[in-house]
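Colleague: Hi! Could you walk me through this model, one piece at a time?
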Amino acid sequence: MKGIITVLGKDKVGIIARVCTYLAGQNVNILDITQTIVQGYFNMMMIVDISAPAKSFEEVVEELQQIGVELGVEIKLQHEDIFNTMHRI
Amino acid sequence: MITLGEVQETNKMIREMNLDVRTITMGISLMDCAHSDLTVFNRNIYDKITRLGENLVKTGEDLERQFGIPIVNKRVSVTPISIAAGGLKTDSYVSVAETLDKAAKEIGVNFLGGFSALVHKGFTESDLKLIRSIPEALAVTERVCSSVNIGTSRSGINMDAVKLMGSIVKRTAELTSDRDSAGCSKLVIFCNAVEDNPFMAGAFHGVGEPECVINVGVSGPGVVKRALEEVKHKDFESLCETIKRTAFKVTRVGQLVAQETSKRLGVPFGIVDLSLAPTPEIGDSIAEIFQAMGLEEAGAPGTTAALAILNDNVKKGGVMASSNVGGLSGAFIPVSEDHGMIEAVQKGALTLEKLEAMTCVCSVGLDMIAIPGDTSEATVSGIIADEAAIGMINNKTTAVRIIPVIGKGVGDIAEFGGLLGYAPVMPVNGFSCASFIDRGGRIPAPIHSFKN
């Protein structure tokens, strides 16, 4: 199962490091990373393999959200199907 | 592979344009709960609803987290109680409504629809018992919704029922006068009611439906409005293309949620209803779509055409996005649930007569409209008859959900609370239709119903 993680907010040191460290701890493999920084705003998307996470999908969603609060950015994890169904026929 | 731009587009719709799945509605058949004893019947329906609906709310919440999209309401619809309760030896169905209310609270759904009767060609004894129980049932329960089908294109209009419903609406208003007559916001009078509608207050689980089914209602007026702002000065073809494309994307999300819910609960998927349902939130309004199309206010000349375009293109975009489209599927134009419509009424741009014209091309009818509390029963019946005639002749669903607000007059504000919103009391034509309504009997089936 693939998930899409998005991080949105003001750029600062260590955002990717923090997210990646957490994901490694949850046995979540990162397949792809895209990021842009426009006028100091950090916009990142990760495609991750979340077939066998240490915790449930819902718990990972909540913990990532919490990390986002600590970093002052918005972090979302969503099942990739919502994007596939909306943008692919 | 999904691109950053596509991910951003979806999340922007959710974050900034109020894209959501409006409702997951579980339809439950109560046919096997029939019994002649009231206590046994009530126990049967309570057990069945709480057993089948036990995981509905939790599943909805899990999917919300998994896909990152709000699923606003989780609801239940049941077999019309006048049919399911037909064998009961009792004079009143109020205790059945109380049981439904208790079951809804137990499983955590915010509305349960199906305190209903289908009387388009005539009343059974049970239909009459149900209809006479409606005012008290809606006054003593919180989450139960009621509907009565009084006409179809196939069989005409039951004018005895139209007359009776005029007095039932007034009685319901009186019994809930302490809450701005909010009981009437849970009562819908239909012509051509559909059996798989997931939206309240008119949802019921039709007799042609399976044992249990999942129907999903999508929404997204905000998304359509924002898309239309991008094509502000373009021609009508561009306007229609934009609505279609947006409706397609919105419906795909509904289809995904419907399939996942059905898989997780082990209940068959029924339909996705493509309706654009507004809420009182800013940016979640049908009236704002009219403004994005180029009208100063909802109700200005051109509004009926604008609504026709919207309704038709929402369907055209949506049908390809889902394997099964059903329910009401179109644009809703409830006054109290749409801040743009409320403003249009307050500015004098939108009248009851214009709303009636708009119902010829929208998906439902006169919805959530507050009228003066001293409006006569016959006038309420007259409004119902007009709306039913539009539905019967045009082969479409029409409905009336009006609230005669006891103790309030034109210009006052009625507060219904929550998703039901608030509404300015609108003036009603004061000339009498009493002798017309008093005739009784049926309006025969229209000529175009003879298709066999």
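Modeller: Happy to! Let's start with burial: in chain A, 30% of the 89 residues are buried. Keep in mind that this is a predicted model.

Colleague: What scores does the model get for ipTM and pTM?

Modeller: The ipTM is 0.87 and the pTM is 0.92. For chain B, the mean pLDDT is 94, and 100% of its residues reach 70 or more.

Colleague: Back to chain A, then. How many helices and strands does chain A have?

Modeller: Chain A has three helices and four strands. Starting at the N terminus, their order is β-α-β-β-α-β-α.

Colleague: And what does the C-alpha trace of chain A span along its principal axes?

Modeller: About 35 × 30 × 20 Å.

Colleague: What share of the contacts in chain A join residues at least 24 apart?

Modeller: If you take contacts between residues at least 6 apart in sequence, 67% of them join residues at least 24 apart.

Colleague: Which domain does UniProt list for chain A?

Modeller: An unreviewed UniProt entry lists "domain: ACT" for residues 4-78 of chain A. Over residues 4-78, the chain is 35% helix and 43% strand.

Colleague: Let's zoom in on one residue. Where does A:G68 lie?

Modeller: A:G68 lies in helix α2 of chain A.

Colleague: Why does A:G68 count as partly exposed?

Modeller: Because A:G68 has 19 C-beta neighbours inside 10 Å, while a residue needs 20 or more to be called buried.

Colleague: Which residues does A:G68 touch, leaving out those up to four places away in sequence?

Modeller: A:G68 touches A:V73, A:E74 and A:I75. As for A:I15, it is 53 residues from A:G68 along the chain, and their C-alpha atoms are separated by 8.9 Å.

Colleague: Now the place where the two chains meet. How many residues does the contact take from each chain?

Modeller: The contact uses 18 residues from chain A and 17 residues from chain B. On the chain A side, the elements giving two or more residues are β1 (2-10), α2 (57-71), β4 (73-79) and α3 (81-87).

Colleague: Which element gives the most to that side of chain A?

Modeller: That's α3(A), with seven residues. By class, the side of chain A that touches chain B has seven nonpolar, seven polar and four charged residues.

Colleague: Switching to chain B: how is chain B divided into domains?

Modeller: Chain B has domain 1 (20-191) and domain 2 (219-246 + 275-441). The centres of these domains of chain B, taken over C-alpha atoms, are separated by 23 Å.

Colleague: What about helix α12 of chain B, is it enclosed or open?

Modeller: Helix α12 (residues 339-346) of chain B is largely enclosed by the rest of the structure, because six of its eight residues are buried. Those buried in α12(B) are B:H339, B:G340, B:M341, B:I342, B:A344 and B:V345.

Colleague: What do the buried residues of α12(B) pack against?

Modeller: They pack against α10 and β12 (422-424) of chain B. After α12(B) comes B:G348, which has a positive phi, near 85°.

Colleague: Last one! Where does B:A300 lie?

Modeller: B:A300 lies in the loop between α10 (286-293) and α11 (303-319) of chain B. With 16 other C-beta atoms within 10 Å, B:A300 is partly exposed. Leaving aside neighbours within four places in sequence, B:A300 is in contact with B:L295 and B:A349. B:G430 is 130 residues from B:A300 in sequence and 23 Å from it in space, C-alpha to C-alpha.

Key:
Residues are numbered from 1 along each chain as its sequence is written. Chains are lettered from A and ligands numbered from 1 in the order in which they are written. This is a predicted model: local features need pLDDT of at least 70, side-chain atom pairs count only at pLDDT 80 or more; totals for chains, interfaces and linings use all residues. Domain bounds come from an automatic or database domain assignment. A residue is buried if 20 or more other C-beta atoms lie within 10 Å of its own, exposed if 12 or fewer, and partly exposed in between; C-beta atoms are placed from the backbone. Two residues are in contact if their C-beta atoms, placed from the backbone, lie within 7 Å. Ala, Val, Leu, Ile, Met, Phe, Trp, Tyr, Cys and Pro count as nonpolar, Asp, Glu, Lys and Arg as charged, and the others, Gly among them, as polar. pLDDT is the predictor's confidence in each residue, from 0 to 100. UniProt positions are given in the numbering used here, feature names are shortened, and annotations may be inferred rather than shown by experiment.
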